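Visitor: I would like to go through this entry and hear the grounds for each label. Please set the values against the criteria as we go.

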Amino acid sequence: MNPRSIIFSIFLGAVWLILLSRLFYLQVVNSDYFAARAENNATKMIDQIPARGLIFDRYGKLIVENQPTFSIQITPAEFDTNSSSEFEYLAQRLNISPAEIRRKIKGVWPYTPVTIKENVDFMLIAKLEEEMVKHPGVHFKVDIHRIYSPDITMPHVIGYLNQITEQTIGYFKTGDFADTDYKIGERTGAAGIEKFYEIELRGQKGYHELQSDSKGRVVKDLGIVKHPTDGYNLYLTIDLEFQRFVETAMGQNKGSIIVVDVRTGEILAATSKPDYNIRWFVEGISHEQWKELNENPDKPMFNRIVQSGYAPGSTFKMITAIAALEEGLATPETYIECKGVYLLGGNRFRCWNWTGHGHINMQNAITHSCDVYFYTLAWELGINKLAKYARMFGLGEITGVDLPNEKKGNVPTTDFFDSRYGRNNWKSGTVVNLGIGQGEILVTPVQIAQYITILANSGKYQQPHFVRYAEDQEGIRKVVYPIKSVPVKPDYIDLMRRGMWAVVNTFEGTGKRAWIKWQAAGKTGTSENVHGNYHGWFAGFAPYYDPEIAVVVIMENGGEGSEVAAPMSATVMNYYFNYIRGKKAFDPSDLKEKQFQSLRNAQLIP
Amino acid sequence: MVVEKIKNFLSDLDYFLLIPALLLCGIGLLCIYSATVSGSSELQFNFTKQLIHFAIGLLLMFLVILIPIRLIDGAAILLYTITVILLILVLATGSVRYGAQRWFALGPFSLQPSEIAKIATMICIARMLALSRVNPAHVANIFITFSLTLIPMFLVMKQPDLGTALCIGCIALPILYWHGISLFSIFVMFSPIATVLVHIGSGYSFEAFILTLFVILMILYFSKRKTGIILAVFALNIIVGLSSEPLWDSLKDYQKERILNFIEPERDTQGSGYQVRQSKIAIGAGGFSGKGLMEGTQTQLKFLPEQHTDFIFSVIGEEFGFIGAVVLLTLFGIMIFRLILIADVVDDKFASLTLIGIATLFSFQVMVNIGMTTGIMPVTGIPLPFLSYGGTALWTNLCLMGIALNISMRKKVYDIH
């Protein structure tokens, strides 16, 4: 052979080997991957959407249910896009312009149905369905919307549903949602219970398998390969009547009120004001409405119950007192002289009562809310011991209440100040202010509600929660929260309770205006606020001798707690004892034995 | 006597060429059947049509075998001229299909002059080079070959039919090399293209550019040519390299997009990228032994549009698997290697050059087509010889096969010369 034929042969041999190795790579090395893709190509899974769980109130009344709605879709590949009469027909039926339809189907993958109009009237659907034979490519889609009982408000408790968009779909592919198979356009809980229990409420999709060709035409029906599992029905702790009363009482004020049954941790009513109307979201909110809600300086979309951090003010003083007692730094009979000011290294810390309380013991210090008494105890305790007891009572920690995006707030330690300001770059006197609940300490209303529950029950409590029963395919079950206890001497808590009783029921008490005839106890507080007027707190429970409810009121920019929050508490508590106390909550007789140890961690039935 | 003659004729046939060709045609028909049977009746009709194409093609092939090779040699220039006129005519009067003007309609069938141009250009180049009196390495040979190639290439490109134009163009260099130009000349022709590709491919990296120039300079130095030539080639590379960036930037966005999509089809998810993706899925899903005839879901459910034409290889990949693909490549390998072997021993310049042209044409089409269906080469619309649906292409390939068989049968005659 001449050398040129050898070069030719070598060159062709090389090409032959390259092609062969490429084929080896595709057909031998990666054939499983491509086989799966081919399988995926040829089969089409039609989602069988499960019914979203229903929501009932405390008395078993249905308050949130589902309603099918219809939307009109076009599959451009089947639709006669060249015929302007087709566009006009549809435009006229749907009362939109032909140009809008053209705009919507422009540039999309022709085999994917495009939604042209949502929430189409059922009568119109019935009419269109008859005509669809003559208009290929036009079809309708059933969508499920939430429908609310007319007397429900509480947007921050229930929450709303939002459509998954291209921007948010990523979130629904990871974490808890990894197995849920969400798709763009599906609605998911975006706030409140709807969001917190999204996975439980939603249930599990089923699938109907079809074999289809490249045009998406069905070649073979392979039947339902998995039946959908409907979502859990939830029975809430909320008393709708009470809830509405609390919301009305709050009126135009900003802030939050939480009422907890201290015997069970059940939240009877919870409000965050200002708020919004959940019904706005049912049919999709307009861009303008959404913008307005989000740019409103009063933040109506912000769930103050679990997300807003306020300084606890004087409501914190019981923790300072208990810490000092537990640490042996004080006894109930420790007397401290208040001259209206506390001096520390040249700094003057004022008592709210400038004339001073004179010689005062612990219980009276609570009752009179004497600042100097607690300045002194706090200085002796130091920041970290104070923080330890605050955390013991659940401040600065997630309570676990079943609302999404709960904030921890902030109970500072020396580490916190060190990392924030640098070591030795902050004043040791900081602790003095923390002792009366001011400074860089932030708590949420629900944390205070839990803290008052603990005091009311002398140390034992169940976390505050919104769900009493959950119902799955097998039946209805109780949701049980473990009874926890705070390891402090019950005697010390009782001392605090006595002080809190006197706050409300004695002439000198700061919370006199929270007085009711059913013997309330509580503590006022004022959260100092550099941005505006003070936030007023009242945190109390009633009846004193056999506590049933804890009430927490925070009024943003409302001024002193004793002036605004205490009377609000009286209003709320009075209503409870007059109208709510006697009602009997829904308790099903045919309970399944197995209980949910807190629903969130309950295993979904596979 | 007639029986005797036929016996002699049959025993003289080169079965290393004929059997692979017929097997490939058979596999092609099988695949076309499989790719169209589940489609519309119009699509199904393609199988019958291809069967008729094949019968006519076989007849054509045997006719070509009977033509004395000298007659082909002598008619080369005339054939070339007629083809060029046909190409001009088709541009002026041909019918438009799939957005290109390529066909003369002949009843239910159609004729593509660009396919004939492949044969005509090839034998015309072979004829001119065989006639050439100058030193085989002389620049005049290069000039003639390129002139003969570029005219039909340009006309076919105008249709537009990039694939066929490339097929016409691919013949020039191998035939010139076979004729006797040096590897150095080929290097001189190729180096500017390489420079541009590296320059654009590396994102105008200055280092890569310098490195390319350095490698080119080294090769030039070791080629021991005259300093003047070395400097000229080197300067050409620098100029081409430097002008590629402003040239690229001067392109409009859609033009850049088109070129990038050409180089990397999967960038484009809906056009050619869709086809390549589906083709890869089909081939990959076939696995080692394939899903069996008419069992491939990609093929039967029509995930590849027009699969019976350019993407026919994906049917083989899916339904016959890696084994089928290896058999196919081996059949082509035997055929092409045989062509080179005969070209090596044939003692006639025209015949030898023609055989190399045929081998090049087949190899190029197989390489580009399979490269395209497996996603390692751009989508150019080059059919797979003997297998893809299409009358004129099949006839062309069978005529080429006829010429090869013709030469192979008579090589003993030439040996005596």
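Visitor: Why is Leu51(B) called partly exposed?
Guide: The model is a predicted one. Leu51(B) has 13 C-beta neighbours inside 10 Å. A residue is buried at 20 or more and exposed at 12 or fewer, so Leu51(B) counts as partly exposed. Leu51(B) sits in helix H3 (residues 41-66) of chain B. Its C-alpha atom is separated by 9.9 Å from that of Ile32(B), 19 residues apart along the chain.

Visitor: Why is helix H8 of chain B described as mostly covered?
Guide: H8(B), residues 172-179, has 6 buried residues out of 8. They are Ala172(B), Pro174(B), Ile175(B), Leu176(B), Trp178(B) and His179(B).

Visitor: What covers the buried residues of H8(B)?
Guide: The cover includes H1 of chain A, and from chain B helix H5 (113-131), helix H6 (139-158), helix H7 (162-170) and helix H16 (349-373). After H8(B) comes Gly180(B), with a positive phi near 135°.

Visitor: Which helix of chain A gives the most to the side that touches chain B?
Guide: The contact takes 29 residues from chain A and 33 residues from chain B. On the chain A side, helix H1 (3-29) and helix H2 (31-42) each supply at least two residues. H1(A) gives the most, with 15 residues. By type, that side of chain A divides into 17 nonpolar, 8 polar and 4 charged residues.

Visitor: What makes Val552(A) stand out in the largest nonpolar core?
Guide: That core has 127 residues, and Val259(A) and Val552(A) touch the most other members. Helix H19 (residues 490-505) of chain A gives the most to this core, with 9 residues. Beyond its neighbours within four places in sequence, Val552(A) is in contact with Ile257(A), Ile258(A), Pro445(A), Ile448(A), Ala449(A), Ile452(A) and Ala539(A). Apart from this core lies another of 105 residues, among them Val90(B), Ala325(B), Ala359(B) and Met372(B).

Visitor: How many helices and strands does chain B have, and what share of its residues is buried?
Guide: Chain B comes to 17 helices and 3 strands. Buried residues make up 44% of its 417 residues. Among its contacts between residues at least 6 apart in sequence, 71% join residues at least 24 apart.

Note on methods. Residues numbered from 1 in each chain as written. Chains lettered and ligands numbered in written order. Predicted model: local features only at pLDDT ≥ 70, side-chain atom pairs only at ≥ 80, totals over all residues. Helix = DSSP H or I, 4+ residues; strand = E, 2+ residues; numbered from the N terminus. Contact = placed C-beta atoms within 7 Å. Core = buried A, V, L, I, M, F, W, Y, C linked by C-beta atoms within 7 Å. Nonpolar A, V, L, I, M, F, W, Y, C, P; charged D, E, K, R; others polar.
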